[in-house]
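Me: I have a model open on my screen and would like to learn how to read it. Could you walk me through it, one feature at a time?

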Amino acid sequence: MRITLPEYENAQVLIVGDVMLDRYWHGPTGRISPEAPVPVVKVEQIEERPGGAANVALNVAALGAKARLIGLVGDDEAAVALAKGLQSVHVATDFVTVDNFPTITKLRVLSRHQQLLRLDFEEAFHDIDSTPILTKMEAGLVAENSVVILSDYAKGSLSDVQKMIQLAKSKNIKVLIDPKGSDFEKYRGATLLTPNLSEFEAVVGHCKTDQELVERALKLIKKFDLEAMLVTRSEHGMTLIREGVEPFHLPTQAQEVYDVTGAGDTVISVLATSLAAGSSFEDACTLANAGAGVVVGKIGTSTVNTIELANAVYSQQEIGFGALSEEQLKVAVQLAQHRGEKVVMTNGCFDILHAGHVSYLNTAREQGERLIVAVNSDDSVRGLKGPGRPVNPVDRRMAVLAGLGAVDWVIEFTEETPQRLIANILPDMLVKGGDYKVEEIAGGAEVIENGGEVRVLQFEEGCSTTEIIKTIRNEQ
């Protein structure tokens, strides 16, 4: 199954849940305190990260989507630090401040990569009036390209979770929930739950086989009026279960597991953002599985960006080289740039390939590590060259170009100029052969604006497709 990354920038995700601030104090320790038999840590580095539902929002924003976060915080310095950190990565924070309660904060003291102590500053918000958070949620619901995530850490922000589900459903917005505890009744009517295997088995009992897991999940789906359930199964991947549809099993994509912290947050955020951007359930789960495989290979609570996600997905699908679709090419270029490779792009008809073309393309490739050739469609060539052209249809022209050692990727464009295509791909360098001025080259302005470069290269003298065609016709 070939998966494509959706346009995440069009997606909008509203996250409601238990927000936290994770603090880390790092430093060396070389002596024992004279006051008590405990190590003395000389704190040299202080790190702050959004946690809980805030980490989910961070993951959504890392994909380039619009993320809005609603949660309960105290009137304190930790709330200010949490909001500042989130807003710096373009998460819209819409917190409800509760007097006489601290913002949930977890402080970890580490030395030589070992956690020595954790201090929790929290009082669960269980008896807090839910009206303000419901009001903010209702105001934040946007039906277009939107999904709601309810992130439950059993700290009280979702005490009225059933009203939240009904609010979203009243606007036909999907509700995804990362559940907490064994009481799934409170999540009745949600679109999808994402329990891990231990959470799932705490509700249904131990499952000896995949079939048993699926059968018990289907019973829960029917009992609680759910649309689907995604059970995350650690090294066994994940399974999507829906009524009337074959279960969708996904093997894990993790190559090496360093830290599973935050993997569940990544799963639900990639899943929700992909659905909001128009992906099917199967594609969204595949992308979520790939995202989880990336973050467990990192240390600490982490996020996955679109480049890492594309790399994880497309490395399984082998994009390769040669003739590509525009979507495949965009990902291939992003991956190449992420590896530090300079991508050069040029365009033309290339009707009858001759020595001048080969010399020009070799020179173009010398400007970087990768070369893209955008080829005029047959209709485009006829518009430029007149009746009787092209001599070779576009599929043959592309096949010949793809066979050249200098050319990495070939793509057809159907518009009069390749400006839109170039503006979408955004190579590091755009080159064009002939007597053009830089400002006359289609797509040049967009490449320059993006920090790239535009160059004019000279064709080899005495080589012309038109002259070759004339010679052939005269000989006939």
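This is a predicted model: local features need pLDDT of at least 70, side-chain atom pairs count only at pLDDT 80 or more; totals for chains, interfaces and linings use all residues.

**Reading surface and core**

Me: Which limits put a residue in the partly exposed class?

Reply: Partly exposed covers the range between buried, under 20% relative accessible area, and exposed, over 50%. You will find Leu-117 in strand 11, which runs over residues 114-121.

Me: What does Arg-108 touch, beyond residues up to four places away in sequence?

Reply: Asp-22, Arg-23, Tyr-24 and Trp-25 are on the list, along with Gln-115, Leu-117 and Arg-118.

Me: How do I read a distance across the model?

Reply: Pick two C-alpha atoms and look at both sequence and space. Arg-108 and Arg-397 are 289 residues apart along the chain, and their C-alpha atoms are separated by 61 Å. For scale, the C-alpha atoms of the protein fill a box of roughly 95 × 60 × 45 Å along the principal axes.

Me: Which residues have the most contacts inside the largest nonpolar core?

Reply: They are Ile-15, Leu-69, Leu-271 and Leu-309, in a core of 63 residues. The element that gives the most to this core is helix 8, residues 281-295, with nine residues. There is also a second, separate core of 41 residues, and Val-148, Val-175, Ile-177 and Cys-207 are among them.

Me: What is Ile-15 in contact with, leaving aside its neighbours within four places in sequence?

Reply: Its contacts include Ala-53, Val-56, Ala-57 and Val-60, as well as Ala-67, Arg-68, Leu-69, Ile-70 and Ile-149.

Me: And how do I step back to the whole protein?

Reply: Start with the inventory: 16 helices and 23 strands. Then look at burial: 51% of the 476 residues are buried. Next come the contacts: among those between residues at least 6 apart in sequence, 68% join residues at least 24 apart. Finally, the accessible surface comes to about 22400 Å², and 48% of it belongs to carbon and sulfur atoms.

Notes. Residues are numbered from 1 along each chain as its sequence is written. Side-chain values use heavy atoms; hydrogens and water are left out. A nonpolar core is a set of buried Ala, Val, Leu, Ile, Met, Phe, Trp, Tyr and Cys residues joined through side-chain atoms within 4.5 Å. Buried means under 20% relative accessible area, exposed over 50%, partly exposed in between (1.4 Å probe, protein chains only). Helices (H or I, at least four residues) and strands (E, at least two) are DSSP runs, numbered from the N terminus. Contact means heavy atoms within 4.5 Å. Accessible areas come from the Shrake-Rupley method with a 1.4 Å probe; for residues, only the protein chains shown count as cover.
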